[in-house]
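Please open the structure in a viewer and keep the selection panel at hand.

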Amino acid sequence: MGADRELRRRLRTGDSEAFGLLFEQEANTVYRYCFRRTADSALAEELTSTVFLQAWRRRDKLAEVDNLIAWLLGIATNVVRNQRRSLRRYRAALARLPRYDSSADHAEDANARLDDERAMRAVLAAVDRLPRRDQEVLALCVWSELSYEEATRALGVPVGTVRSRLARARRRLRELAGASEHEKVSEDIATGEGTR
Amino acid sequence: MKTNLTRPPAPELPREAVLRRRAHLVEELQRQQRTERPSRRPFYVIVAALVLLGIAAPALGLDDRLRRFVAGEPAPAPVKDVFGRQLPRSVIVERAHGVMSITTARGERVLLWAAPTRLGGRCTFLQIQGNQPSSPDPNGSLACETREGLAQPRTGPFISATWEEVRLRDGTLLRLVFGSLSQRSRIRALELRTQGRPPLVLRLARDFFLAEWPAHTRVGTLIGRDVRGRVVARRQLAPLLEQTATPPAVPALGRVIRARALYGGHEWYMFTATQGEELCVGANLGGPEEKGCNARRPERFTEGPIELYGPGASQDPGNTSGAWDRVWFYGFVAPAVARLVLLSSDCSREVLPIQGHAFLHLARGERLRAGAVPSLLIAYSVSGKEIGRARLQLIPAGRPESEYSRPLPPASCGASKQPAR
């Protein structure tokens with residue numbers, strides 16, 4: 001906990017090496033979130049970098065942040081929501097960053113990535129029937145396993161709102177699951193499995 | 001395959017990719033730190049200053065400079081010259097300005113210039129740079145819209161558009177689509193849909209657009225969409241001409257001087273040149289060079305072995321006599337023609353040079369005033385046999401327009417005789 005406090009102190013002072021460390025620790029958390037919202041690994045990688053560039057820009061807000069992951073995923077939520085604008089804003093910086101060279105992947109890795117994208121597209125197709133705000137709560141509370149309180153900080157809405165949105169998402173998915181193949185899974189969500 | 005909504009895929013970036021990206025990210029952050037802007041206040045100050053300048057400029061006599069700044073790049077002198085010489089006099093030449101430019105896939109630069117007219121209309125000039133650099137005149141096409149055309153009542157946004165085909169020096173065809181929008185504020189995006197190609201989103205510059213036409217398509221529709229993506233304007237374009245599958249091999253356009261003389265201290269000359277399937281004819285009569293290219297008709301020589309264009313004639317200011325100061329004509333002869341003779345009204349004969357089946361002649365004022373008016377062209381074969389004639393129907397200078405249908409009578413000087421070699 002002390003190390004985390006020290007990291008936040010360094011981040012607040014604009015220590016770029018500390019941001020590098022934060023990136024190393026949390027890049028995959030943010031990447032997974034972005035991937036699950038877009039089903040596109042290349043785009044998710046760009047969005048991940050964008051999230052950290054945005055976080056750097058907002059580092060003066062860190063004094064009010066008590067959970068770095070919730071803070072980063074809150075930024076990621078906005079970045080995904082406004083992805084065109086965000087990517088445009090950081091276009092020059094992103095162009096200077098190296099891309100992950102997927103062509104260097106082994107065939108197995110490439111196949112796995114394509115499988116992941118295909119599976120994620122199917123998930124998003126099902127979830128797409130929910131309102132966007134409910135999707136965000138689902139992605140944070142169920143997929144990224146944030147608590148209600150953490151999701152509250154990430155989204156900047158009251159905890160009651162998070163609860164009601166999640167409940168609505170569960171109910172809606174249960175309804176949609178009726179005759180679909182998602183029935184069992186939707187029930188998992190409905191019973192709160194996967195939610196802290 | 002079952003879709004698990006609670007536990008979707010959880011891919012990870014490879015460790016080495018994260019580390020590499022971390023290093024670059026830190027570098028980028030340090031770079032940003034060095035160039036970071038402490039405050040946005042200067043930005044707001046500049047915006048406020050610009051607003052104030054907009055209000056105060058007319059009072060300070062700066063409105064013209066400000067207008068130029070806002071309205072776009074002022075047109076250079078050669079472009080203004082084109083506006084001034086080739087368009088109605090109502091065009092306000094000094095307000096000709098650049099609207100937008102593109103670079104084609106092959107690297108040609110195309111510029112769109114516009115100038116308002118005193119009557120509330122607008123003229124545009126589409127300039128293709130680099131097509132004919134030897135010519136001092138910009139090369140391109142001109143079009144005007146009247147005030148009525150621009151302001152006619154519309155029920156909604158309207159797309160005014162056309163396409164342009166330009167044969168380049170190497171024989172390839174450059175195809176462009178350009179135009180303007182009315183009620184621009186209601187059209188957020190404009191796209192060109194063509195057969196079998198993905199929609200092409202066109203860049204908009206104020207009310208204008210300009211783009212290269214997608215290859216291998218002839219039919220297209222322009223679609224304007226509002227901020228919500230709804231179609232609010234549609235324009236079907238006339239199909240483009242069939243493209244020649246393989247353009248013929250063409251030599252670079254070269255100036256071929258056919259006639260030259262000094263007049264008032266200036267050299268004046270005329271030339272012809274072929275460019276792809278087009279015949280270009282240019283003239284410089286002591287002023288700016290004028291040049292135009294026309295498609296060569298495939299049905300050539302249907303009326304004989306001489307294909308004649310002209311004659312043209314002009315008089316200088318102050319010359320009120322019945323004589324022209326210069327007369328010119330040009331054309332092509334069939335391959336069977338070995339010799340071309342010009343017979344003038346004073347019965348003089350002159351062998352005209354033929355180059356690449358093309359001929360051009362410019363008769364000078366002193367010869368004209370002496371009564372040697374070009375009258376008849378006679379074509380001879382290699383064996384010296386006359387194989388065709390073409391009459392030069394020149395109208396005497398100063399004759400009223402109502403008498404234009406009565407050209408000068410042809411000379412009758414025993415034209416069937418062989419010319420002196």
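Which charged end sits over the ring of W56(A)? Select W56(A) and R59(A): the charged end of R59(A) lies over that ring, 3.9 Å from its centre. A charge sits over a ring if NZ of Lys or CZ of Arg is within 6 Å of the ring centre and within 35 degrees of the ring normal.

Before continuing, please note that this is a predicted model, in which local features need pLDDT of at least 70, side-chain atom pairs count only at pLDDT 80 or more, and totals for chains, interfaces and linings use all residues. Residues are numbered from 1 along each chain as its sequence is written, chains are lettered from A and ligands numbered from 1 in the order in which they are written, and side-chain values use heavy atoms, with hydrogens and water left out.

**First selection: an aromatic pair in chain A**

Over all chains, the structure holds four aromatic pairs. In one of them, the ring centres of F19(A) and W56(A) are 5.1 Å apart and the planes stand at 80°, so the pair is edge-to-face. Rings of Phe, Tyr and Trp (its six-membered ring) pair if their centres lie within 6.5 Å; planes under 30 degrees apart count as stacked, over 60 as edge-to-face and the rest as tilted. Because F19(A) belongs to helix 2 (residues 16-38) of chain A and W56(A) to helix 3 (residues 41-57) of chain A, the pair ties together parts that are 37 residues apart in sequence. Helices (H or I, at least four residues) and strands (E, at least two) are DSSP runs, numbered from the N terminus.

Are these two residues buried or exposed? F19(A) is buried, with a relative accessible area of 0%, and W56(A) counts as buried at 0% as well. Buried means under 20% relative accessible area, exposed over 50%, partly exposed in between (1.4 Å probe, protein chains only).

Now display chain A as a cartoon. Chain A has eleven helices and zero strands, and 51% of its 196 residues are buried.

Select helix 9 (residues 148-155) of chain A. Six of its eight residues are buried, so helix 9 is largely enclosed by the rest of the structure. Among them are Y148(A), E150(A) and L155(A). Just after helix 9 of chain A, G156(A) takes a positive phi of about 70°.

Turn to chain B, which contains six helices and 23 strands. Buried residues account for 43% of the 421 residues in chain B.

Select strand 19 (residues 339-344) of chain B, which is mostly covered, with five of its six residues buried. Which strand do six bridges join to strand 19 of chain B? The partner is strand 22 (residues 374-380) of chain B, and the two run antiparallel. Two strands pair if DSSP finds at least two bridges between them.

L343(B) has bridge partners in both neighbours: L376(B) in strand 22 of chain B and R349(B) in strand 20 of chain B. Strands 19 and 20 of chain B form a hairpin with four residues between them, and C347(B) in the turn has a positive phi of about 70°.
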